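Here is a friendly briefing to read with the model open beside you. Please keep the sequence at hand as you go through the points.

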Amino acid sequence: QVQLVESGGGLVQAGGSLRLSCTASGRTFSVYVVGWFRQAPGKEREFVSAISRSGSNTPYADSVKGRFTISRDNAKNTVYLQMNNLKPEDTAVYYCAAKGAEYLSRSIYYTEQYEYDFWGQGTQVTVSS
């Protein structure tokens, strides 16, 4: 079991930046693949980014590629999502999710919601125009 807590959301003007954090407690964090998803009002939750256990694989949704950067610090049990050049369409609740993968390749990652076992409560990001 792992518990996830997101932080770092808030209100920012278009073009601004935010850094979200996903901090885990429970099992050794390094065994988990971690993903970020978001859900805008009236829309389905969608994939944003993920990071493999090794940190070597970091896929991104096309809509955030080149603007968002995911990283992890296993010593701090934390995954970060640096979001630059934010746009009003990035407004959403952002969720982090984790999937245990200790018996799998350290380079594996997941992009589908159903593949993740543990979810945080989410943090609101609002980008004003």
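Leaving aside its neighbours within four places in sequence, which residues is Arg-67 in contact with? They are Gln-82, Met-83, Asn-84, Asn-85, Leu-86, Lys-87 and Asp-90, where contact means heavy atoms within 4.5 Å.

A word on the ground rules before the tour. This is a predicted model, in which local features need pLDDT of at least 70 and side-chain atom pairs count only at pLDDT 80 or more, while totals for chains, interfaces and linings use all residues. Residues are numbered from 1 along each chain as its sequence is written, and side-chain values use heavy atoms, with hydrogens and water left out.

**Overall build**

- The protein has 0 helices and 10 strands; helices (H or I, at least four residues) and strands (E, at least two) are DSSP runs, numbered from the N terminus.
- The radius of gyration is 14 Å, close to the 14 Å that the globule rule gives for 129 residues, so the protein is as compact as a globular protein of that length. That radius is taken over C-alpha atoms, and the rule is 2.2 Å times the number of residues to the power 0.38.
- Along its principal axes, the C-alpha trace spans about 45 × 25 × 25 Å.
- Of the 129 residues, 44% are buried; buried means under 20% relative accessible area, exposed over 50%, and partly exposed in between (1.4 Å probe, protein chains only).
- Taking contacts between residues at least 6 apart in sequence, 62% join residues at least 24 apart.
- The protein exposes about 6,400 Å², and carbon and sulfur atoms supply 45% of this area. Accessible areas come from the Shrake-Rupley method with a 1.4 Å probe, and for residues only the protein chains shown count as cover.

**The disulfide**

- The count comes to 1 disulfide, the term standing for a pair of cysteine sulfur atoms within 2.5 Å.
- Cys-22 and Cys-96 are the partners, with 2.1 Å from S to S.
- Cys-22 lies in strand β3 (residues 18–26) and Cys-96 in strand β8 (residues 92–100), so the pair ties together parts that are 74 residues apart in sequence.
- The link of Cys-22 and Cys-96 is right-handed, with 65° about the S-S bond.
- Both Cys-22 and Cys-96 are buried.

**The nonpolar core**

- The largest nonpolar core has 39 residues, and those with the most contacts inside it are Trp-36, Phe-68, Leu-81, Met-83 and Tyr-94. Such a core is a set of buried Ala, Val, Leu, Ile, Met, Phe, Trp, Tyr and Cys residues joined through side-chain atoms within 4.5 Å.
- Strands that each supply at least two residues of this core include β1 (2–7), β4 (32–39), β7 (78–83) and β10 (123–128).
- Not counting residues up to four places away in sequence, Met-83 touches Gly-16, Ser-17, Leu-18, Leu-20, Arg-67, Phe-68, Tyr-94 and Val-125.

**Buried polar side chains**

- Arg-67 sits in the loop between β5 and β6 and counts as buried at 9% relative accessibility.
- A polar contact of 2.7 Å joins the side chains of Arg-67 and Asp-90; such a contact is a pair of N or O atoms within 3.5 Å, and within protein one must be able to donate a hydrogen and the other to accept it, while residues adjacent in sequence count only if both atoms are side-chain atoms.
- The Arg-67 side chain also reaches the backbone oxygen of Ser-63, at 2.9 Å.
- Ser-49, in strand β5 (residues 46–51), is buried with a relative accessible area of 0%.
- A polar atom of the Ser-49 side chain lies 2.9 Å from the backbone oxygen of Pro-59.

**Loops worth a look**

- Most residues other than glycine have a negative phi.
- Asn-77, in the loop between β6 and β7, has a positive phi near 55° and is partly exposed at 24% relative accessibility.
- Asn-85, in the loop between β7 and β8, has a positive phi near 50° and is partly exposed at 41%.
- Ser-30 is in the loop between β3 and β4, and its C-alpha atom is 5.6 Å from that of Asn-74, 44 residues away along the chain.
- Glu-112 belongs to the loop between β8 and β9 (118–119) and is partly exposed, at 40% relative accessibility.
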